[in-house]
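Here's a quick briefing on one protein chain, grouped by topic. Have the viewer open as you read.

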Amino acid sequence: MFQAGGYEFGAITILAVLVGVVAGYASIGFYLAISALLTFTFGVDEATLATGASSLDWWHILFVPVIGGLVVGQLLRLHKNQQTSGVSNVIEAAALRDSRIDVRDGAVSAAATIVSLGSGASMGREGPAVHLGAALASLVTQSLKLNPAAARTLLGCGVAAAVAASFNAPIAGVFFALEVIIGHYALQTFAPIVIAAIAGTVVSRIHLGNFPAFETTDYFIASFWEFPAFFLLGIASAFAAVVFMAGLRWADKSRFRWEKIPFSLQPAVAGLLVGLLALLYPEVLSIGYEATSRALNGGYELILLISLVVAKIAATIISYAGRFGGGVFSPSLFIGAMVGGAFGIIAGSVFPELASTPGLYAVVGMGAVASAVLGAPISTILIVFEITGDYNVTIAVMIASAIASVVTSLFYQRSFFLMQLANRGIQLEGGRATYLLKSATVGEHMTRDFFTIRDTDTIEKARELLIVQGGGVLVVTTEVGKIFGVLSLNQMPPDVFEAGESREHAVGQYTRQVAQLIKTSEPLEVALKSLELSGEEALPVVSPSQDDVVVGLIRHRDVMREYTRALLETYGQNEPVNRT
């Protein structure tokens with residue numbers, strides 16, 4: 001029978017349904033809790049927050065985020081990292097931690113995010129919902145003691161169900177889990193994730209109904225002459241994404257610069273700053289779906305659209321730097337909708353007969369900025385289609401998203417999540433196998449089983465040693481033990497196996513120099529490049545403190561074996577070795 005991660009498909013299917021249902025209920029509970037808290041704090045729910053907040057007293061808008069920040073600060077005391085977890089933590093767990101996620105940290109992150117968004121922090125709820133779904137999946141796999149390959153599959157199931165339930169977007173949920181978290185589309189992983197996404201969607205539709213996240217009119221591309229405009233919008237979206245990610249990168253590091261402010265008070269300080277911004281632009285509060293929806297329907301003027309782009313970027317960076325809980329997907333949608341709407345108004349004023357409505361450009365911009373920030377153009381495009389219910393702008397969204405993603409990748413990591421991991425010293429740009437080459441050292445994979453010979457010894461002695469060790473290379477040293485070079489059978493004189501004079505020649509006559517010595521502390525990536533450039537099967541390894549004394553050999557076949565093993569682990573074909 002078809003196997004998935006070492007388990008029969010029937011067993012994985014049952015577990016996928018279980019995880020999908022649990023993650024689906026967790027996601028809608030997460031959504032309802034945020035909405036209920038917003039109603040308590042601002043008197044309105046998420047759908048009308050901007051309009052409702054604009055009629056409140058200044059002190060109300062100012063102090064609710066501060067009070068929420070104080071509560072979040074106390075919750076963060078319960079988290080081992082003193083900050084909430086998100087999608088990057090799920091990516092790290094899938095790639096390096098056998099898909100294990102601390103359930104307590106997941107619960108604390110969810111609670112802190114509910115309070116953060118419920119008190120107006122300018123973040124998104126989708127990233128924390130993904131982490132919550134993944135944490136619950138991890139709880140199931142740890143309870144059942146499943147192997148790492150099955151655990152990784154079910155982790156993807158939890159992610160897919162969470163996204164599907166959050167957006168009422170099952171297709172996008174599947175591709176987000178595969179594209180961002182799992183990193184491949186192998187059949188044994190794909191099928192269970194599809195099942196879990198369907199389960200999460202069914203749960204969401206039973207309790208919340210079947211409707212898109214944003215209600216929009218039907219859009220149509222006015223002319224094929226607009227395609228260059230969509231190309232330019234992709235570049236404009238990339239610029240917005242780069243600015244946004246640069247600010248988030250600064251925020252990620254600035255958390256360690258607020259040393260004079262205790263970490264538990266940092267959310268309150270950030271809340272005060274967000275409240276001040278909200279006095280001018282209440283649209284930046286919380287998730288911002290009302291403002292996003294209004295932009296998609298052409299409800300804002302040009303100046304306000306541009307102002308909201310700046311205000312939302314600033315509010316999100318402040319919230320993130322201040323340790324508020326939340327994700328960046330909803331802010332990316334907000335910023336993209338405003339950028340697209342502004343671009344549409346400008347395009348319409350320049351070419352009024354050729355340009356479509358600003359709302360269409362808002363949809364395109366929303367997909368482009370989100371694709372660039374998340375580094376997941378396929379799943380983001382699908383999310384945009386499913387949350388708007390409008391497939392008439394397919395080509396436009398694809399063009400702008402592709403351009404935005406490519407341009408943004410020239411300046412930053414492939415996604416905000418990979419940038420977060422890179423800031424922690426974890427390079428997962430090329431996946432688990434590439435991470436192995438970057439993180440594992442030569443000393444961990446070299447062999448100490450090798451022969452040495454002095455440069456003054458005879459070539460006959462070298463021949464005997466090579467025969468004993470079955471070929472390969474000998475390390476040739478000087479009288480004092482320092483490396484002189486290497487020697488292999490093909491370097492020896494032709495009559496070495498005959499009774500010729502050359503058998504008595506000194507080894508040093510035939511030794512070849514080593515172009516580059518590799519140190520035990522260097523990563524496998526350096527060793528692989530040196531081996532490929534030199535064409536050698538093996539190279540000597542020296543100690544960092546004594547760079548002329550050989551302590552081992554690094555073989556090309558050993559490096560490639562480890563790389564292949566990591567690739568197989570990624571695709572669930574091999575038991576992983578935990579490197580953390």
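Buried means under 20% relative accessible area, exposed means over 50%, and partly exposed is in between (1.4 Å probe, protein chains only). You're looking at a predicted model, where local features need pLDDT of at least 70, side-chain atom pairs count only at pLDDT 80 or more, and totals for chains, interfaces and linings use all residues. Residues are numbered from 1 along each chain as its sequence is written, and side-chain values use heavy atoms, with hydrogens and water left out.

**Whole chain**
- The chain has 23 helices and eight strands; helices (H or I, at least four residues) and strands (E, at least two) are DSSP runs, numbered from the N terminus.
- Of the 580 residues in the protein chain, 58% are buried.
- Take the contacts (heavy atoms within 4.5 Å) with a separation of 6 or more: 76% of them are between residues 24 or more positions apart.

**Helix α14**
- Most of α14 is covered, with 17 of its 22 residues buried.
- The end C-alpha atoms of α14 (residues 329-350) are 31 Å apart, which agrees with the 32 Å its 22 residues should span at 1.5 Å a residue; the expected span is 1.5 Å times one less than the number of residues.

- α11 has 15 residues and reaches 22 Å from its first C-alpha to its last, close to the expected 21 Å.
- Buried residues in α11 include Gln266, Pro267, Gly271 and Val274, and their cover includes α3 and α13 (302-321).
- Leu272 also belongs to α11, but is partly exposed at 37% relative accessible area.
- A nonpolar surface patch with about 910 Å² of accessible area together has Leu272, Trp58, Trp59 and Phe63 among its members.
- α3 (58-76) and α11 (266-280) are the elements giving two or more residues to that patch.
- Patch residues have over 30% relative accessible area and no salt bridge; like charges are joined within 9 Å, nonpolar side chains (Val, Leu, Ile, Met, Phe, Trp, Tyr) within 5 Å.
- A salt bridge is a side-chain nitrogen of Lys or Arg within 4 Å of a carboxyl oxygen of Asp or Glu.

**The β4-β5 hairpin**
- β4 (residues 474-477) and β5 run antiparallel, joined by four bridges; strands pair if DSSP finds at least two bridges between them.
- Five residues lie between the two strands of this hairpin, and Gly481 in the turn has a positive phi of about 90 degrees.
- Thr477 sits opposite Ile483 in β5.
- Four of the five residues in β5 (residues 483-487) are buried.

Terms used. Accessible areas come from the Shrake-Rupley method with a 1.4 Å probe; for residues, only the protein chains shown count as cover.
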